[in-house]
Amino acid sequence: MAECVPCARTVLTYVALTDDGDQSRCCVHCDARVGAELRWVGADELQEDGYVIGSPAPRKSGGGCASGGCGTCGTRKH
Ligand SMILES: [Zn+2]
């Protein structure tokens with residue numbers, strides 16, 4: 001993770017290739033290049049920042065696929 005100036009927050013980053021063939025880190029939200037200070041965090045800390053790891057299902061309480069077992073959303077929970 002790194003600090004994104006346009007987003008004014010700490011964001012997830014991805015590696016992108018520049019026109020020169022160099023690698024640069026970009027913000028997953030606004031695609032801006034982010035600066036030097038990369039911070040590697042675990043899944044728990046990512047979730048504290050609002051990222052959901054490993055499950056595409058929205059965090060809702062009660063109901064939904066989690067209890068019914070639609071075969072798509074529930075597979076990772078076992
Ligand atoms: Zn950003």
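User: How many helices and strands does the secondary structure of the chain come to?
Analyst: Keep in mind that this is a predicted model. Read along the sequence, the chain follows the pattern β-β-β-β-α-α. The secondary structure therefore comes to two helices and four strands.

User: How do strand 3 and strand 4 run, and how many bridges join them?
Analyst: Strand 3 covers residues 13-17, and strand 4 covers residues 23-27. One of the pairings is between threonine 13 and its bridge partner in strand 4, cysteine 27.

User: Which glycine in the hairpin of strand 3 and strand 4 takes a positive phi?
Analyst: Five residues sit between the strands of this hairpin. With a positive phi near 90 degrees, the residue you want is glycine 21.

User: Is cysteine 27 buried or exposed?
Analyst: Let's count its surroundings: cysteine 27 has 21 C-beta neighbours inside 10 Å. A residue needs 20 or more to count as buried. Because cysteine 27 has 21, it is buried.

User: Which residues make up the largest nonpolar core?
Analyst: Nonpolar side chains tend to be buried together in soluble globular proteins. Here, cysteine 27 touches Cys4, Val11 and Val34, among others. Valine 11 in turn touches residues including Met1, Cys4 and Cys27. The largest nonpolar core has five residues: Met1, Cys4, Val11, Cys27 and Val34.

User: What share of the 78 residues in the chain is buried?
Analyst: Cysteine 27 is one of the buried residues, as we saw from its 21 neighbours. For the chain of 78 residues, the buried share is 8%.

User: What is the phi of alanine 8, and where is this residue placed?
Analyst: Most residues other than glycine have a negative phi. Alanine 8 has a positive value, near 55 degrees.

User: Which aspartate has a positive phi although it is not a glycine?
Analyst: Look in the loop between strand 4 and helix 1 (43-48), where aspartate 31 is found. It is exposed, with 11 other C-beta atoms within 10 Å. The residue with a positive phi of about 65 degrees is aspartate 31.

Notes. Residues are numbered from 1 along each chain as its sequence is written. This is a predicted model: local features need pLDDT of at least 70, side-chain atom pairs count only at pLDDT 80 or more; totals for chains, interfaces and linings use all residues. A nonpolar core is a set of buried Ala, Val, Leu, Ile, Met, Phe, Trp, Tyr and Cys residues joined through C-beta atoms within 7 Å. A residue is buried if 20 or more other C-beta atoms lie within 10 Å of its own, exposed if 12 or fewer, and partly exposed in between; C-beta atoms are placed from the backbone. Two residues are in contact if their C-beta atoms, placed from the backbone, lie within 7 Å. Two strands pair if DSSP finds at least two bridges between them. Lists of a residue's contacts leave out its neighbours within four places in sequence.
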